[in-house]
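Colleague: Could you walk me through reading chain interfaces and sheets in a model like this one? I would like the general idea and then the case at hand.

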6 protein chains.
Amino acid sequence: MKHKSDTPQPFDATIVPRFAQVGTFMRCPLRTSAAGIDIAMAGVPWDAGTPNRTGSRHGPAQIREMSRLLRRYNFATRVSPFDDCAIADLGDAPINPFDVLATLASVQRFFAEICSASALPLAVGGDHLITLPVLRTVGRQRPVGLIHFDAHADTMDTLFGQRYHSGSPLRRAVEEGVLDPARAVSIGLRGTQFSADDTAFNRAHGMTVVTIEDFFEAGPKAVAGRAREVVGEGPVYVTFDVDVLDPVYAPGTGGLEPGGPSMRDCQVMLRALDGLDIVGADVNEVSPPLDTSGLTALHACNIIFELLCIMASALRARRSA
Amino acid sequence: MKHKSDTPQPFDATIVPRFAQVGTFMRCPLRTSAAGIDIAMAGVPWDAGTPNRTGSRHGPAQIREMSRLLRRYNFATRVSPFDDCAIADLGDAPINPFDVLATLASVQRFFAEICSASALPLAVGGDHLITLPVLRTVGRQRPVGLIHFDAHADTMDTLFGQRYHSGSPLRRAVEEGVLDPARAVSIGLRGTQFSADDTAFNRAHGMTVVTIEDFFEAGPKAVAGRAREVVGEGPVYVTFDVDVLDPVYAPGTGGLEPGGPSMRDCQVMLRALDGLDIVGADVNEVSPPLDTSGLTALHACNIIFELLCIMASALRARRSA
Amino acid sequence: MKHKSDTPQPFDATIVPRFAQVGTFMRCPLRTSAAGIDIAMAGVPWDAGTPNRTGSRHGPAQIREMSRLLRRYNFATRVSPFDDCAIADLGDAPINPFDVLATLASVQRFFAEICSASALPLAVGGDHLITLPVLRTVGRQRPVGLIHFDAHADTMDTLFGQRYHSGSPLRRAVEEGVLDPARAVSIGLRGTQFSADDTAFNRAHGMTVVTIEDFFEAGPKAVAGRAREVVGEGPVYVTFDVDVLDPVYAPGTGGLEPGGPSMRDCQVMLRALDGLDIVGADVNEVSPPLDTSGLTALHACNIIFELLCIMASALRARRSA
Amino acid sequence: MKHKSDTPQPFDATIVPRFAQVGTFMRCPLRTSAAGIDIAMAGVPWDAGTPNRTGSRHGPAQIREMSRLLRRYNFATRVSPFDDCAIADLGDAPINPFDVLATLASVQRFFAEICSASALPLAVGGDHLITLPVLRTVGRQRPVGLIHFDAHADTMDTLFGQRYHSGSPLRRAVEEGVLDPARAVSIGLRGTQFSADDTAFNRAHGMTVVTIEDFFEAGPKAVAGRAREVVGEGPVYVTFDVDVLDPVYAPGTGGLEPGGPSMRDCQVMLRALDGLDIVGADVNEVSPPLDTSGLTALHACNIIFELLCIMASALRARRSA
Amino acid sequence: MKHKSDTPQPFDATIVPRFAQVGTFMRCPLRTSAAGIDIAMAGVPWDAGTPNRTGSRHGPAQIREMSRLLRRYNFATRVSPFDDCAIADLGDAPINPFDVLATLASVQRFFAEICSASALPLAVGGDHLITLPVLRTVGRQRPVGLIHFDAHADTMDTLFGQRYHSGSPLRRAVEEGVLDPARAVSIGLRGTQFSADDTAFNRAHGMTVVTIEDFFEAGPKAVAGRAREVVGEGPVYVTFDVDVLDPVYAPGTGGLEPGGPSMRDCQVMLRALDGLDIVGADVNEVSPPLDTSGLTALHACNIIFELLCIMASALRARRSA
Amino acid sequence: MKHKSDTPQPFDATIVPRFAQVGTFMRCPLRTSAAGIDIAMAGVPWDAGTPNRTGSRHGPAQIREMSRLLRRYNFATRVSPFDDCAIADLGDAPINPFDVLATLASVQRFFAEICSASALPLAVGGDHLITLPVLRTVGRQRPVGLIHFDAHADTMDTLFGQRYHSGSPLRRAVEEGVLDPARAVSIGLRGTQFSADDTAFNRAHGMTVVTIEDFFEAGPKAVAGRAREVVGEGPVYVTFDVDVLDPVYAPGTGGLEPGGPSMRDCQVMLRALDGLDIVGADVNEVSPPLDTSGLTALHACNIIFELLCIMASALRARRSA
């Protein structure tokens with residue numbers, strides 16, 4: 001049961017109980033540099049792009065705490081991302097709670113350093129606008145493909161006069177050329193919407209939309225297959241807005257849209273993405289003040305764990321390539 | 001994204017943020033008369049018919065607040081009930097927290113005025129007894145058909161010596177001739193029951209029962225089809241007791257019966273009722289003091305939205321007929 | 001027990017139970033204009049000036065709901081503000097959740113209209129920055145005196161590069177000449193602070209500070225007396241940040257500083273302000289997502305009630321003058 | 001540390017941990033008859049007299065559970081009521097959740113049996129109307145004196161047309177001649193009230209009122225002394241509405257009136273009643289659905305413990321007399 | 001609707017409301033001996049074997065309270081376990097919160113007395129280690145078969161140097177020869193695990209494992225069928241760890257593993273076990289301090305009810321055999 | 001407002017918002033060695049000595065998170081402990097959740113290393129037994145004086161056969177000669193107790209007891225003066241059990257005893273200890289699963305801050321001596 005490894009390792013839960021020691025993501029070591037790290041988890045505690053219910057600025061802190069509950073092996077696949085990858089918590093990206101543009105810039109710089117060190121970024125929000133600066137980093141040289149789990153399209157234009165908000169990151173990323181719309185798929189869209197067609201931009205730019213109706217008709221495995229077709233070969237980014245989950249799984253988020261997929265559905269979809277060339281990922285929109293049960297953070301942690309597993313798999317594939 | 005209309009409209013969420021202004025149902029205008037209104041939402045804040053866990057007297061207040069989260073378009077159907085129907089919040093029906101008979105009478109008078117103005121009533125409880133005075137109104141001239149979502153049959157006779165309580169509305173409605181038992185269907189019955197057969201009255205009067213076993217065997221679409229067969233042509237009333245939902249979707253209600261349908265199941269069923277001649281509806285049994293997570297009110301709001309959509313559809317059909 | 005009056009009146013709790021009807025401030029009528037109104041309560045649902053824990057944008061909504069619990073007479077003084085004053089809920093001031101300057105301007109215009117109609121404004125926040133646009137209105141012609149209940153001085157300069165935030169309203173108001181520092185008193189300051197002297201600006205400008213040490217030494221009556229001395233004759237504004245209360249009374253606010261006054265202490269102080277020439281008031285910093293017990297909103301409502309009583313008294317004095 | 005006694009004893013917390021075994025009041029034995037019992041604790045799970053926020057029907061259940069936390073000795077006085085008194089839990093009085101008059105009758109019969117067995121009743125509500133049937137029992141032969149802790153006078157007449165409700169028990173008891181108004185004192189009155197003078201009946205009938213202003217001026221010991229003067233010699237009943245406590249001590253009750261006494265204040269007052277000829281007592285208005293923190297039930301249990309101590313003292317005095 | 005019976009019966013919910021009287025399991029009579037009892041429910045309030053999040057020592061108390069919600073008939077099967085079985089609450093087994101070995105011994109003795117009286121034990125935990133002393137009792141003469149619902153294998157060896165903990169009961173039971181590994185099946189395993197193979201012991205000893213992947217592929221009915229094959233003829237024990245449920249159904253337990261079966265799935269599986277020769281059962285790992293919504297206890301109560309139904313069925317079969 | 005210092009400093013809240021970065025005690029740097037550190041804060045996440053309500057094993061984690069709210073200057077004294085002392089978070093002491101003796105030994109070794117590095121320990125529990133191994137360290141060479149804030153005497157002997165539990169640390173420390181009973185004072189004792197005299201050991205050994213009656217009679221300043229007299233010159237340890245606070249300030253702890261001091265009272269007492277030769281301190285018994293409001297952790301953080309202030313003062317005095 002011991003894990004001998006030269007890479008940084010999470011606390012061993014059979015020696016240091018899970019309730020002990022300072023809470024870092026997955027109880028991994030806290031590092032100030034991504035040098036020598038394969039996957040760099042980092043928080044982006046920022047929610048000033050949220051038009052209604054805020055609080056996701058506290059997301060990284062609560063997710064770190066809740067991740068104490070996790071152990072190191074994935075029962076479904078019997079592997080551990082920590083076995084042959086160096087995984088660390090890089091702390092939080094610098095942000096300014098009052099300044100959107102300054103924050104977009106500082107977060108982008110922070111993740112650029114991670115990418116320079118050849119580590120894959122796994123960002124933890126924060127609201128969904130935080131995806132934009134990460135995409136700017138991973139898509140700088142070549143627009144990336146995207147698998148986007150969300151109840152909303154996030155391709156709105158301005159809202160209350162603001163171009164950069166939690167409902168617009170994908171539109172901005174397409175406009176900026178860091179996201180390839182032909183290789184982008186959004187899964188789980190539903191609910192009430194602002195306009196008669198909140199996905200007009202998506203269709204106009206050839207982004208694929210899997211509505212919740214499509215999802216329940218096809219099932220999670222087929223939807224994952226469809227996503228793989230859309231992104232094809234080449235670098236892919238995965239962004240997971242916890243509001244894609246049915247509200248009973250993620251009550252602690254700003255935009256609650258009943259009738260979504262279960263956590264099981266999402267686990268099945270994420271595991272079916274194994275083998276893709278994943279270059280980064282994020283989980284966002286956990287709002288601790290709204291998450292009195294803690295279930296939202298719990299599920300976010302487990303999504304992060306699944307992302308670590310497929311990112312580690314991508315790294316292994318790259319090494320052996 | 002602007003909605004120019006002569007009819008009363010909800011606050012535009014792109015101008016007035018959803019957290020702003022006084023909370024009315026769906027952020028619609030508050031009116032004191034149903035004149036010129038197509039669908040009149042109204043609260044019935046009353047729970048003195050509840051034998052065990054009360055609190056639904058506070059239901060209308062909390063549901064109004066939670067309905068802030070909704071926007072105006074149904075993603076699944078791309079239409080909005082507000083586009084061509086005049087929808088308003090009529091406030092609450094007058095009630096007496098200590099007097100069952102006086103309340104039944106005053107609530108009936110309140111909804112009779114709404115019906116006189118040719119508006120369709122959408123009542124928000126309160127406990128399930130509030131369905132009786134509304135049925136008395138819509139079924140006064142001709143007994144109506146009924147689609148009844150509930151974990152319980154609500155056809156008990158007296159309880160603690162009282163004829164009018166939250167477990168007896170449908171029995172009383174049949175006895176009073178305002179509900180046509182041959183055109184009535186109850187969906188989702190389950191749980192532990194008081195007697196060996198809590199549906200004896202239903203069978204004796206030819207009311208259709210779709211137990212939870214039937215439901216899970218047939219699935220939501222087939223069950224909705226069965227409901228359509230039962231009610232056939234003619235006026236139909238829809239009553240939705242939130243305890244039909246599995247308790248994880250509706251923890252804040254008096255009678256919790258595990259193993260029920262999901263919110264998605266109910267959305268599918270309600271949308272499949274489109275085209276029926278709906279003459280009124282209600283949603284009831286949300287008990288805010290028991291709903292610490294707010295999920296029950298959230299789901300009630302979304303059920304109300306689906307009801308508005310199919311009621312608007314019925315109105316459109318009537319106009320074009 | 002009936003209240004015959006030509007002025008707008010709250011719902012009579014012996015006829016319309018307190019849980020019934022749409023929730024407005026103190027269950028008063030909702031008006032769209034201040035014409036004919038003596039005291040205009042209005043929400044300012046805005047918290048984008050908050051550097052740490054947000055959520056007070058939802059404050060007006062929750063406070064309206066919680067104010068259902070109040071009745072119309074003050075037991076301590078046997079009078080009711082509703083008896084000879086016309087009091088209404090004016091809804092919420094228009095705000096932009098993403099734009100500080102635009103919001104400061106639109107809120108100022110909103111309250112300017114109220115003042116033009118000769119109504120006294122009673123603003124309900126929102127974070128403490130909302131005091132600034134109201135002060136700009138009531139202090140436009142002559143800088144007003146101020147009685148300021150708070151755990152913090154709120155005279156910081158920039159924070160994260162921003163001049164307008166919830167820690168700076170009083171500094172800005174002094175700089176802009178709408179607040180007379182010689183007639184300003186801050187009561188209840190305490191806690192941990194950012195710098196070795198967070199009250200440097202106050203002393204430099206002759207603003208009076210009653211620290212929590214002073215408060216507990218002198219007691220609430222003497223402190224109220226000291227406040228009266230400071231403001232003297234002339235127009236006075238009262239601003240009440242709920243974080244002045246000990247956290248057990250106001251757990252639902254962003255900045256919790258243990259060791260504060262009790263609600264009783266604050267009631268005693270406010271009642272002792274009777275007779276001052278109050279030209280406006282606000283209550284702010286109730287953050288519903290942090291107020292799971294509801295106690296913060298409860299106490300805010302009762303503070304509002306005390307403010308209504310002393311504002312009504314000021315109006316009566318002016319009439320008879 | 002062992003307590004050898006022939007009388008029924010609570011579980012010994014050094015042998016049976018406090019979290020173990022079925023929850024009875026103070027972990028005392030459950031009895032079906034008061035024969036041989038000195039003090040009979042019994043629940044009255046009934047709240048149909050409550051005009052606004054209900055839930056106290058669940059009070060006895062939660063108070064039993066919370067009373068697990070208590071041990072057997074009073075640190076302040078070093079004595080235990082269980083040492084020489086036989087104290088038991090008599091279960092709940094029979095009630096009908098829909099029928100006020102039937103419940104008043106059945107509760108009265110239940111307590112009459114207890115009194116017939118020469119046991120002192122300690123009733124646990126339930127709403128405050130439950131005091132009436134107990135007073136009818138203990139005051140049947142001679143009107144009793146009363147020490148009444150409450151934020152409200154509870155001497156209203158009809159409300160919503162109902163004579164028997166939680167705001168009228170003391171008026172009814174005076175009218176029925178079971179309560180001697182000249183020997184009745186109400187302590188802690190405050191808050192907003194329905195009418196300009198909610199204590200008119202009290203004054204008209206010579207009942208003593210200690211307002212919260214009086215209380216804070218005199219302090220708890222002097223107030224207890226005043227209460228002793230009012231009731232003088234002769235039988236006294238103590239009724240404790242938990243809403244007398246400041247809401248931070250009793251958030252889980254229907255009528256919250258800020259600015260009340262602390263728990264310490266109430267402990268001091270109750271202990272200062274030692275030596276009175278107490279013939280019965282009750283604690284009421286704990287509403288578990290509103291008591292999410294459990295503090296209300298916690299304080300109710302400790303009030304019950306103090307009542308047991310002074311009732312045991314009265315019994316000892318009677319025996320030695 | 002009346003239930004005339006010589007056997008002990010739960011309170012009749014049409015006479016004694018469900019919120020009334022002391023809370024026992026299923027509102028059944030509290031007995032101090034199992035003589036004449038067919039099924040003996042008993043608590044084991046003990047959690048000192050829990051390595052991370054404790055609190056299940058309070059499980060029996062909360063489950064008793066929550067079981068008030070249940071009525072006497074199973075809607076799915078129209079039968080009641082109380083109709084021809086004598087079912088009682090035997091209180092709690094004696095435990096020592098600080099001493100594992102002493103507790104294992106005293107709990108074993110307690111259940112041995114129940115078995116000696118020919119009653120079937122239904123134990124309510126407490127953490128999962130409490131299964132061991134019950135298995136020692138029912139498997140003393142012949143190792144029993146086992147149907148084990150759990151997210152974890154519970155066949156770890158020592159943890160923190162301790163042999164007896166909540167992750168080891170089944171390993172110890174196999175080693176001690178009271179559990180027949182060839183007739184044992186574990187259903188629902190999933191999540192993150194301590195080691196690369198937390199089921200090594202299971203496979204080594206021929207215990208059957210139905211992982212969550214197997215479960216979702218086959219469905220609940222087929223899984224129940226598989227379980228019946230594994231246990232075959234002969235005595236069977238059923239142990240239900242509430243963490244087998246998806247966390248939205250059982251948030252109040254120590255080890256939360258997302259992606260589990262629904263309550264409906266578990267009801268279907270349990271009902272499909274009807275006809276087995278069940279000799280005992282337990283439900284465990286409900287931790288009230290972690291169960292702020294009460295859903296975990298609610299579901300535990302309903303699982304207990306299903307277990308009572310199949311145990312009553314086994315008893316009827318044995319009588320008629 | 002910038003704090004240039006060679007010593008380790010907390011994150012500057014005007015640059016790194018308080019919700020950002022990994023949560024350490026007071027946002028101080030995390031160190032693995034006490035070399036060069038003046039005050040070493042460290043968690044002891046252990047509660048296996050708790051006889052009733054556990055959960056304080058999670059205390060250090062929650063207190064770290066809640067300490068984000070604090071800033072660096074004490075408003076009452078205008079000084080900051082961070083200005084001239086090196087203060088760090090040393091992580092958690094190693095513990096074994098199943099083994100009392102092993103944990104006592106490993107915790108003692110952990111703190112011995114801190115003391116060897118000439119740092120003052122500030123331990124954060126965990127239950128109150130954790131005080132024993134720290135006392136063994138600081139009192140090894142000479143028995144220390146003690147100022148003990150608590151509702152309970154903590155001088156019980158065995159409980160459930162166990163010598164080392166959360167009710168016995170002070171008795172053991174006196175017996176072991178590491179605590180000087182003549183220089184020990186316990187403040188705040190009250191509530192219900194196990195035996196007629198839970199302070200017998202204290203009196204027998206000359207330990208001073210300030211009961212809650214004494215406290216309210218003398219007031220916090222006089223009590224602090226009495227404490228200073230008792231401990232006199234020489235090394236003093238301060239142990240603060242949060243249950244000394246009235247339960248409204250510390251609802252999240254195992255043993256709730258109504259009628260205690262306020263947070264203000266405790267701040268006044270702690271500040272009045274300035275100048276004593278403090279050699280260590282601890283805060284204990286915060287149980288996060290019981291602290292749903294977070295108030296207990298909030299107050300614990302602020303107590304820790306006051307302790308840091310007086311420990312820094314002691315260090316300054318020593319340096320200048």
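This is a predicted model: local features need pLDDT of at least 70, side-chain atom pairs count only at pLDDT 80 or more; totals for chains, interfaces and linings use all residues.

Colleague: Let us start with chains A and B. How many residues of each are in contact?

Modeller: Contact means heavy atoms within 4.5 Å. By that rule, 30 residues of chain A touch 28 residues of chain B.

Colleague: And what area is buried between chain A and chain B?

Modeller: Buried area is the accessible area (1.4 Å probe) that two parts lose on being put together, summed over both. Between chain A and chain B this comes to about 2600 Å², with carbon and sulfur atoms giving 62% of it. On the chain A side, Thr192(A), Phe194(A) and Pro258(A) supply 25% of the area buried against chain B, more than any other three residues.

Colleague: How many salt bridges does the rule find across the interface of chain A and chain B?

Modeller: A salt bridge here is a side-chain nitrogen of Lys or Arg within 4 Å of a carboxyl oxygen of Asp or Glu. The rule finds four between chain A and chain B. Glu213(A) forms a salt bridge with Arg264(B), and their closest N and O atoms are 3.2 Å apart.

Colleague: What about polar contacts between chain A and chain B, and which elements carry this side of chain A?

Modeller: A polar contact is a pair of N or O atoms within 3.5 Å; within protein, one must be able to donate a hydrogen and the other to accept it, and residues adjacent in sequence count only if both atoms are side-chain atoms. There are 10 such residue pairs between chain A and chain B, both residues at pLDDT 80 or more. For elements, helices (H or I, at least four residues) and strands (E, at least two) are DSSP runs, numbered from the N terminus. Strand 7 (192-193) and helix 6 (212-218) of chain A are the elements that give two or more residues to the side touching chain B. Helix 6 of chain A gives the most, with three residues.

Colleague: How do strands pair across chains?

Modeller: Strands of a sheet pair through backbone hydrogen bonds, either parallel or antiparallel. Two strands count as paired if DSSP finds at least two bridges between them. Strand 7 of chain A pairs with strand 2 (residues 73-74) of chain B in the antiparallel sense, over two bridges. There, Gln193(A) has Tyr73(B) as its bridge partner.

Colleague: Which charged and polar pairs join chain F and chain C?

Modeller: The count is four salt bridges between chain F and chain C. One of the salt bridges links Arg78(F) with Asp197(C), the closest N and O atoms being 3.2 Å apart. Strand 7 (residues 192-193) of chain C pairs with strand 2 of chain F in the antiparallel sense over two bridges, with Gln193(C) partnered by Tyr73(F).

Colleague: In what order do the strands of the chain B sheet run?

Modeller: Eight strands form an open sheet in chain B, ordered 3-1-4-10-9-5-6-8, with parallel pairing. Strand 3 (87-92) and strand 8 (208-211) of chain B stand at the edges with a single partner strand each, so one side of each is left without a neighbour in the sheet. Within the sheet, strand 9 (residues 235-241) and strand 10 (residues 277-284) of chain B pair in the parallel sense over seven bridges, and Tyr237(B) has Gly280(B) as its bridge partner.

Colleague: And which order does the sheet of chain F have?

Modeller: Chain F has an open sheet of eight strands in the order 3-1-4-10-9-5-6-8, with parallel pairing. Its edge strands are strand 3 (87-92) and strand 8 (208-211) of chain F, each pairing on one side only. Strand 5 (residues 144-149) and strand 6 (residues 179-189) of chain F pair in the parallel sense over five bridges; Val144(F) is bridged to Leu179(F).

Technical notes
Residues are numbered from 1 along each chain as its sequence is written. Chains are lettered from A and ligands numbered from 1 in the order in which they are written. Side-chain values use heavy atoms; hydrogens and water are left out.
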